[in-house]
Amino acid sequence: MPRHPERQLERLSQPAAARLLAGSRTAVVATGSVEQHGGHLPLGTDAYAALSIAERVAERLDTVVASLGPVGIAPYHLPWPGSLTLAPATLAAIVIDICAGLRSAGAERIVVVNWHEGNSPTLRLAASAAQQQHGVQIVIAEAHVITSSQYPGEMEFTHAGAMETAAVLAYDADLVRLDEATEPSDYPAGEAAHSLYRRPDVYPVLSDFRDIAPTGWYGQPARAERARAEEIAEAVADHVVRRAREIWAAFPATAPGNSATGDGTVTAAEAGAAR
Ligand SMILES: [Zn+2]
């Protein structure tokens, strides 16, 4: 089962999208980033990686995937021209507004498929606000974390290495230019520096990616292989759906879809709460 661009909200007709959103009462949102990934991967690597997984999740949940636009929060990549960032408040406002629109179309549950560490703190804040303001139930899937943790060693948690190259191969292999993968930064040094930022207990806050990789990237992109990349993207989508369903089963009371009416009809009270 390859990609599913036909699940993208923007490509669908309004009646078709309305049917899917109301029928599934669920929507998928993709969040990534536009930032330098060396000479071999596109600026939109994280955006494409998120969309690739999000489409597959939407297919499994029989619904649509909405894009917020490709740009995320990546101020620490700005030393490389072409990288873009949103202010955290901007991203949060977009997430909250889009959740409101999806909710009024009938989506009570939203799966955010993220592929960018810089987005995560803001996504949590925005999801909390959207839940309070619009009565949606949001789960956040960190697709890059799932990929690296499910395939340790093979899908390295580097920047522009094997894992991200595989992610772009699974989206559009023509965007990968391995012959341009020049000037990698030192792998052990990059991994050691990155791991300090990824500690769950005491950690610094990244302000310049050159502190991790002076040339902008490190890793082993040549280890990625197209057929395997496709297999992994499918397995990651399966994982996201399995986990989301676990959460929905564990917390049915907080799912608006399981409220008193229970039939997916939005009551006047619920509609009021959603405004
Ligand atoms: Zn990336």
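Biologist: Where is aspartate 62 found?

Modeller: First, the ground rules: this is a predicted model, where local features need pLDDT of at least 70, side-chain atom pairs count only at pLDDT 80 or more, and totals for chains, interfaces and linings use all residues. Residues are numbered from 1 along each chain as its sequence is written. Helices (H or I, at least four residues) and strands (E, at least two) are DSSP runs, numbered from the N terminus. On that basis, aspartate 62 sits in the loop between H2 and E2.

Biologist: Is aspartate 62 buried or exposed?

Modeller: The test counts other C-beta atoms, placed from the backbone, within 10 Å of the residue's own: 20 or more is buried, 12 or fewer is exposed, and in between is partly exposed. Aspartate 62 has 11 such neighbours inside 10 Å, so it counts as exposed.

Biologist: And alanine 160, which has a positive phi without being a glycine: what is the value?

Modeller: Most residues other than glycine have a negative phi. Alanine 160 is in the loop between helix H5 (143-150) and helix H6 (162-172), and with 25 C-beta neighbours inside 10 Å it counts as buried. Its phi is about 70°.

Biologist: In what order do the four strands of the open sheet come?

Modeller: Two strands pair if DSSP finds at least two bridges between them. The pairing here is parallel, and the order is E2-E1-E3-E4.

Biologist: Which strands stand at the edges?

Modeller: Look for strands with a single partner, because one side of each is then left without a neighbour in the sheet. Those are E2 (65-67) and E4 (137-142).

Biologist: Which residues in H8 do Ser52, Ile53, Arg56, Val57 and Arg60 in H2 meet?

Modeller: Contact requires C-beta atoms, placed from the backbone, to lie within 7 Å. The H8 residues they meet are Ala233, Glu234, Val236, Ala237, Val240 and Val241.

Conventions: Contact = placed C-beta atoms within 7 Å.
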